[in-house]
Amino acid sequence: MSHNKKPYFFQSFAIVVLSIAAFIGFKQVLPKKIFTESTTVNKNVVVDSLLLEAIEATDTIAVETDTITEEDIVFEEKHGVQFPTETFEQYKGYQHLVPLFQKLFELETTGEGKVRIAYFGDSMTDGDMIVQDFRSNLQEKFGGEGVGFVNITSESAASRSSVVHQFSGNWKTQSYLNVKNPIRPFGVNGHVFFVKHDTVNPVWIKYKAGGLKHMSKLNSPTLFYGQSGNEEASVAVINGKDTIVKKLNPTKRLNTLLLSSGDLKTLKADFIKADSIPFYGVNFDNGRGVHVDNFSNRGNSGLPISMFNTNLMRAFNDKLGYDLIVLHYGTNVLNYGSYNYKWYERGMTRVINHLKECFPGVAILVISTADKSTKYDLEMKTDSAVVPLAQAQKRFSIQSEAAYVNLYTLMGGDGSMVKWVEEVPAMANKDYTHFNYKGAKKVADLIYTQVINGYEQYKKLRAKSKPVEINDPEEPETENDSVILYKDSLHD
C-alpha cells in the first residue's frame with residue numbers, strides 16, 4: 001500500500017506546481033479589478049427599471065465636448081443677494097438656496113414660519129440613517145418637532161429608530177422602482193398603498209414615537225390618502241383604551257384626515273371597508289420650525305422621480321409646502337461598465353426640471369456619491385467609477401441650477417472609505433459602501449455644516465445689501481416720504 005501512494009503524491013504535487021505556474025501566467029492578463037460588482041439584483045435591492053433602460057441606451061449617446069468644467073459659474077442676484085463667482089472645482093451653488101436661506105433667517109430672527117425639506121435617497125438613508133441626524137441638527141438650531149412623513153408600510157421599518165413602525169401583512173404596495181403604471185399615482189414618497197380585501201384579519205398600521213431628541217412624540221398625526229368612489233370607508237383610531245372611528249372622504253385628488261388633535265406616544269389605526277382607496281402615509285409635525293421627510297428607497301438611482309404625477313405633487317405641496325428637495329444618490333449608479341455618465345446627467349437634469357414643475361419655487365440640493373472601495377490587486381481602494389460619477393453629478397447640478405455637496409471629498413477623498421471601515425471605532429460597514437450609525441451621523445454633520453456655512457454667508461451678504469428707495473405711490477414724492485428697504489425685502 002505504501003508503494004502505491006508515492007505515484008499519487010508526485011501527481012498531486014505536479015498538479016499544484018502547474019496550477020501555481022498557470023495562475024502566475026494568467027495574472028498578467030487578468031483585469032486589476034478582480035472583484036467587480038455584479039448588476040444582479042438580490043432579494044433586498046431592486047435596481048429601478050429606468051436605470052437599466054438608460055444603461056442599455058448608453059451606446060447611442062455621443063460623447064460631447066465638455067466645456068462646463070472650464071467656465072466660471074456666475075450667479076444672478078436673487079432677492080438682493082449675489083454669491084461670488086465659482087469655478088467648477090469650487091462649485092457649491094449656495095446662490096440656488098437663497099429662498100431656503102430666507103425662510104431659515106425668518107425662523108431664526110422671529111421664531112415665525114416653517115421650513116419643510118424632502119430628502120430623497122437610496123439605501124444610504126435606509127432606516128432614516130443620515131436623515132434623522134440632519135433633521136435633528138436643523139431642529140436644534142431652528143426649532144421644530146416631529147419625524148415628518150412616514151409611509152404606510154416600509155421595508156426598513158425594523159431598522160428605524162426615529163419612529164417605531166409596524167403594520168399588518170394585508171397591504172398591497174406599488175413602488176415607482178418596479179411599477180410604471182400604478183393603479184393610482186404614486187405619492188410624494190414614490191409609493192401608493194391599498195388594503196387587501198380581507199374579511200377575517202383587520203388591516204392596520206401602528207406607530208410609536210422613538211426616543212430621539214425632537215422626535216419623542218407623534219405630533220398631530222395626519223393621514224394622507226387619494227381619490228376613490230368608496231363612500232363607506234372609515235378608520236378606527238386607537239390610543240390606549242380609547243377608540244374613535246373617523247369617516248374617510250376620498251373625494252379629492254389628495255385628502256387628509258387628522259387622526260388626533262394632540263401629540264401622542266403611540267397610535268394604531270384600523271382601516272374599515274377601505275377597498276380601492278389609495279393611501280400614502282401619515283405625517284407627524286408640530287407645524288413650526290423645520291421638518292424633514294425621509295423618502296428613501298433601496299436600489300433607487302433617482303431617475304424614477306421623473307414619473308411623479310405633476311398635479312398630485314402640487315396637491316402634496318399645497319398641504320406640506322416644500323422649500324428644499326435633497327437628492328442623495330449614487331450607490332446604485334456606480335459600476336455599470338462605463339465611466340461616461342452622460343446618460344445619467346441627462347436623466348437627472350430631466351428629474352430636477354420635473355421637480356421644479358411639481359413643486360414651484362423649490363430649491364434643489366444634490367449630494368454626490370460617497371466614496372466606495374473595491375478590491376484591486378488584492379487591496380481595497382477607491383472604486384475607479386466614484387470620481388467620474390461625482391463629477392457628472394456636479395455637472396447636472398450646475399446645468400439645473402441646483403446646489404451641490406461633494407460627499408466624496410467631504411469624507412476625505414481618495415481612500416477615505418477604507419479609513420472609515422478600518423479605523424476604530426469603525427464608521428462604515430465591511431461592504432465598503434454603507435455607513436454604520438456612527439458614520440451616518442458624521443455624514444449628516446458634514447452635510448449640515450456645508451448648508452449652514454452657506455446660510456452664514458447669506459446673512460453676511462444680506463447685511464451688505466444696498467438699500468433702495470421706495471416711494472408711496474399714493475402721496476406726492478418728497479424727500480421725507482421715501483421709505484428705505486433692503487433689496488432682498490422687495491420680493492419677500
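E140 has a relative accessibility of 47% and therefore counts as partly exposed, a class that lies between buried (under 20% relative accessible area) and exposed (over 50%), as judged with a 1.4 Å probe and protein chains only. The model is a predicted one, in which local features need pLDDT of at least 70 and side-chain atom pairs count only at pLDDT 80 or more, while totals for chains, interfaces and linings use all residues. Residues are numbered from 1 along each chain as its sequence is written, and side-chain values use heavy atoms, with hydrogens and water left out.

The side chain of E140 meets that of K213 in a salt bridge, at 3.1 Å from N to O, the term standing for a side-chain nitrogen of Lys or Arg within 4 Å of a carboxyl oxygen of Asp or Glu. This pair links distant parts of the chain, 73 residues apart, with K213 in the loop between β6 and β7 and E140 in helix α4; helices (H or I, at least four residues) and strands (E, at least two) are DSSP runs, numbered from the N terminus.

D285 lies in the loop between β12 (279-284) and β13 (289-296) and R116 in strand β1 (residues 114-121), so the pair ties together parts that are 169 residues apart in sequence. Both D285 and R116 are buried.
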